[in-house]
Amino acid sequence: MNTVKNGRIFWNLIKVPLNLRKQQKLSIIKGYSSGNFSSSNSISSMACETGLSAIFVTCPNLDLSKSLGRRLIETKSAACCVTVIPQVISIYEWKEKIEEDTECLMIIKTQNSLLAEVIEFVKKNHPDDVAEIITLPITGGSDVYLDFIKKATKK
C-alpha cells in the first residue's frame, strides 16, 4: 500500500528478516549460475558478468570524436556503434586552476578482452596530456544488443 504526503508517494515496503534475504539472494545466484532462468527474457536485469564494458572518453571536438570512433569500428575494437554526445560541459581542476570546457563524450562499447587495446589506441591518438578514459562494466541490458556487441567486435 502506498502513502501520499504533500503530493509525494511513499512506498511501504514489507520488512524481510536479514537471514531470509540472504537465502533468497543465494537461491537467485544459484538459479542464475545453473541456467534455471529463462533465456527468452529480452532484458538482462540481473547484475551479472557479461564480459562487456562501456568506455567513456571526452574529446576536445566533434571531428576528433568521430575520427576515433570510426577507426575503432573499422578495426573491430568497438561494437558497430560508438555513441558521440556533442557539447558536454566539463569542469575540472588543472594545474591549480578551475577550468571549464565544452567537449564531446564518446561512449565506446566493447568486450573486456579488448579494453587494453582500446585504451592504448585512445591514449596514442588523443591530444590531451591526461585523456579522460573511464571504463564501466556492462552488467545487463537488452540481450539482443549485448550479443550484437560480442559479434561486432573481434574475438
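These legends describe close-up views of a predicted model. Local features need pLDDT of at least 70, side-chain atom pairs count only at pLDDT 80 or more, and totals for chains, interfaces and linings use all residues. Residues are numbered from 1 along each chain as its sequence is written, and side-chain values use heavy atoms, without hydrogens and water.

**View 1. Helix α2 spans residues 62–74.** Helices are DSSP runs of H or I with at least four residues, strands are runs of E with at least two, and both are numbered from the N terminus. Helix α2 has 13 residues. From first C-alpha to last it reaches 18 Å, close to the 18 Å expected at 1.5 Å a residue (1.5 Å times one less than the number of residues).

View 2. L64, S65, L68, G69 and L72 are buried (under 20% relative accessible area; exposed is over 50%, partly exposed in between; 1.4 Å probe, protein chains only).

**View 3. A salt bridge joins E117 and K154.** The term means a side-chain nitrogen of Lys or Arg within 4 Å of a carboxyl oxygen of Asp or Glu. Here the N to O distance is 2.8 Å. The pair links distant parts of the chain, 37 residues apart: E117 lies in helix α3, K154 in the segment after α4. E117 is partly exposed at 34% relative accessible area. K154 is also partly exposed, at 31%. A search of the whole structure finds one salt bridge.
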